[in-house]
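Q: I am new to this structure. Can you show me how to read a few of its features?

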Amino acid sequence: MGEVDTAFIQATEHCPKLVVVEAEDIPLIDLFVLNSPNSSEPDVAAIRPLIFEIVEAYKNWGFFQVINHGVPLERRKNLEIAARKFFALSKDEKKKVRRDEVNPLGYYDTEHTKNVRDWKEVFDLTIQNPTLFPASHKHDDKELREYFNQ
C-alpha cells in the first residue's frame, strides 16, 4: 500500500473503538406529504410529524433513507454517473474547480476532524439558480445569502 500521509493519522485517543454494531431499522423518511399531487402547499399540521421524524433520525442515527422524494430514477442515475466520472479524474483536474473563500461550491478534499485530515473528497453544488442559504447557523438569524450555480 505504501506510505500513509501523517495528515490522515489520528491520535490514539481519537481512533475509533472497534465494536460490532448491527444496524436494524435504519430510519425511513417518507416525503410523500411534501410531494403530494393533491396540494400545492403542504399543510403545516401534516408536515409536523415529518419534521419530528427527521430530527429524531439525525439525533439517533445521523442519517436516514428518503422515499417518495420526487426525484426521477433516471436523474439520480445520471448524477451518479457524473459523480463517478468526476471523482475518477486526476487530482490536478479536480482542483481546477476547487472551492475557496469566495466560492463556497465545488471540489474539496482538505476537511479536518479533530485536527486530522478526513479521507474523503466532496463536490458541493446547488440545484437552483440562485440558491438561498442562511447567513449563519444561529436559529434566530433571518438573513439569507444568495449563491449562484457556477
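A: Start with one term. Contact means heavy atoms within 4.5 Å. Keep in mind that this is a predicted model.

Q: With that term, which residues is Arg117 in contact with, leaving aside its neighbours within four places in sequence?
A: They are Ala7, Phe8, Lys91, Asp109, Thr110, Glu111 and His112. Arg117 itself sits in strand β5, residues 116-117.

Q: Is Arg117 buried or exposed?
A: Buried means under 20% relative accessible area. Arg117 has 18%, so it counts as buried.

Q: Which backbone atom does the side chain of Arg117 reach?
A: It is the backbone oxygen of Asp109, at 3.0 Å.

Q: Where does Asp109 lie?
A: Asp109 is in the loop between β3 (106-108) and β4 (112-113). Its relative accessible area is 3%, so Asp109 is buried. Its side chain also makes a polar contact of 3.3 Å with the side chain of Tyr107.

Q: Why can charged side chains pair?
A: Side chains of opposite charge can pair when their charged atoms come close. Here is a case: Lys91 and Asp109 form a salt bridge, with their closest N and O atoms 2.4 Å apart. This pair links distant parts of the chain, 18 residues apart, with Lys91 in helix α4 (residues 91-95) and Asp109 in the loop between β3 and β4. Lys91 is partly exposed, at 36% relative accessible area.

Q: Which residues are linked with Lys91 in a network of salt bridges?
A: Arg98, Asp109 and Arg117 are linked with Lys91 in that network.

Q: How many salt bridges are there?
A: The count comes to nine. One of them joins the side chains of Lys59 and Glu56, at 3.0 Å from N to O. Both residues lie in helix α2 (residues 44-60), three residues apart, about one turn of the helix. Lys59 is exposed at 59%, while Glu56 is partly exposed at 22%. Another salt bridge pairs Glu93 with Lys96, at 2.8 Å between the closest N and O atoms.

Q: Which residues form a nonpolar patch on the surface?
A: Val4, Ile9 and Trp119 do, with about 320 Å² of accessible area together. Val4 is in the segment before β1 (28-30). At 30% relative accessibility, Val4 counts as partly exposed.

Q: What is the phi of Asn68?
A: Phi is near 55°, a positive value in a residue other than glycine. Asn68 is in the loop between β2 (65-67) and α3 (73-88). At 41% relative accessibility, Asn68 counts as partly exposed.

Definitions and conventions: Residues numbered from 1 in each chain as written. Predicted model: local features only at pLDDT ≥ 70, side-chain atom pairs only at ≥ 80, totals over all residues. Heavy atoms only, no water. Patch = residues over 30% accessible without salt bridge, like charges linked within 9 Å, V, L, I, M, F, W, Y side chains within 5 Å. Areas by Shrake-Rupley, 256 points an atom, 1.4 Å probe, with all protein chains shown as cover. Salt bridge = Lys/Arg side-chain N within 4 Å of Asp/Glu carboxyl O. Helix = DSSP H or I, 4+ residues; strand = E, 2+ residues; numbered from the N terminus. Buried < 20%, exposed > 50% of the residue type's maximum accessible area, 1.4 Å probe, protein only. Polar contact = N/O pair within 3.5 Å; in protein donor to acceptor, adjacent residues only side chain to side chain.
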